[in-house]
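Please read the points below with the sequence and the model open beside them.

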Amino acid sequence: RDVYLSGAQELRHGVRGRDMLAAAVDMIKNVPLDMFFTAMATRLNGPKASGADLTFNFVFKDVGKTFVLHLENAVLHHKEMAAVANADATVTVTRDFWLKLVSKQVSITDLVLSDDLNVDGSRLKLVSFFRLLDDPNENFPIVTP
């Protein structure tokens, strides 16, 4: 029923701009960290990432977890494991700051220049990695083309 009502709403009034991510900030606080990296992999722009070979360590100092991201053959893999020594950069951050980044309360520039995190390695490669990710379209049409 909800799908039909949403479709009827769209047909009558068009696609309305909505900021779903900002509305879901409380829900995002309970999402496991590995799910963020899984979602990040779905946002990777394959043609832009073609030929890139990057590795990053993300160390969440407040929860004691480390994730290694590896971009190869335009595919982003992540695994919770000890930090690897040959990474392009190691990002040490808190979960709260990471959630602010994911919910766009802070920008990538804030990520790179902030004192709330530490980046050992190439900040330039880190920024270039985030530029390979497409922004999700929150205002997609359900019924109309």
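1. Basis of the note. This is a predicted model, in which local features need pLDDT of at least 70 and side-chain atom pairs count only at pLDDT 80 or more, while totals for chains, interfaces and linings use all residues. Residues are numbered from 1 along each chain as its sequence is written, and side-chain values use heavy atoms, with hydrogens and water left out.

2. The sheet. Five strands form an open sheet with mixed pairing, in the order E3-E2-E1-E4-E5; helices (H or I, at least four residues) and strands (E, at least two) are DSSP runs, numbered from the N terminus, and two strands pair if DSSP finds at least two bridges between them. Because E3 and E5 stand at the edges with a single partner strand each, one side of each is left without a neighbour in the sheet. From one strand to the next the twist averages 15°, where axes are lines fitted to C-alpha atoms, for helices over the stretch in contact, and angles run from 0 to 180 degrees between N-to-C directions.

3. Partners of E4. Strand E1 (residues 54-60) pairs with E4 in the parallel sense over five bridges, and here Phe58 stands opposite Val91 while Phe56 stands opposite Ala89. With strand E5 (residues 118-121), E4 pairs in the antiparallel sense over four bridges, and Ala89 stands opposite Gly121 of E5.

4. Burial of E4. Five of the five residues of E4 are buried, so the strand is largely enclosed by the rest of the structure; buried means under 20% relative accessible area, exposed over 50%, and partly exposed in between (1.4 Å probe, protein chains only). Ala89, Val91 and Val93 point one way from E4, whereas Thr90 and Thr92 point the other way. In a regular strand the side chains alternate between the two faces of the sheet.

5. The salt bridge. Which side chains meet in a salt bridge? Those of Lys125 and Asp88 do, at 3.2 Å from N to O, and the structure holds one such bridge (a side-chain nitrogen of Lys or Arg within 4 Å of a carboxyl oxygen of Asp or Glu). Lys125 lies in helix H8 (residues 123-130) and Asp88 in the loop between strand E3 (75-80) and strand E4 (89-93), so the pair ties together parts that are 37 residues apart in sequence. Lys125 is partly exposed, with a relative accessible area of 38%, whereas Asp88 counts as buried at 17%.

6. Surroundings of Asp88. Leaving aside neighbours within four places in sequence, Asp88 is in contact (heavy atoms within 4.5 Å) with residues including Asp53, Phe56, Gly121 and Lys125. Asp88 and Asp53 are 35 residues apart in sequence and 9.5 Å apart in space, C-alpha to C-alpha.

7. The surface patch. Leu11, Ile142 and Val143 make a nonpolar surface patch of about 280 Å². Patches are made of residues with over 30% relative accessible area and no salt bridge, with like charges joined within 9 Å and nonpolar side chains (Val, Leu, Ile, Met, Phe, Trp, Tyr) within 5 Å; accessible areas come from the Shrake-Rupley method with a 1.4 Å probe, and for residues only the protein chains shown count as cover. Leu11, placed in helix H1 (residues 2-13), is exposed, with a relative accessible area of 57%.
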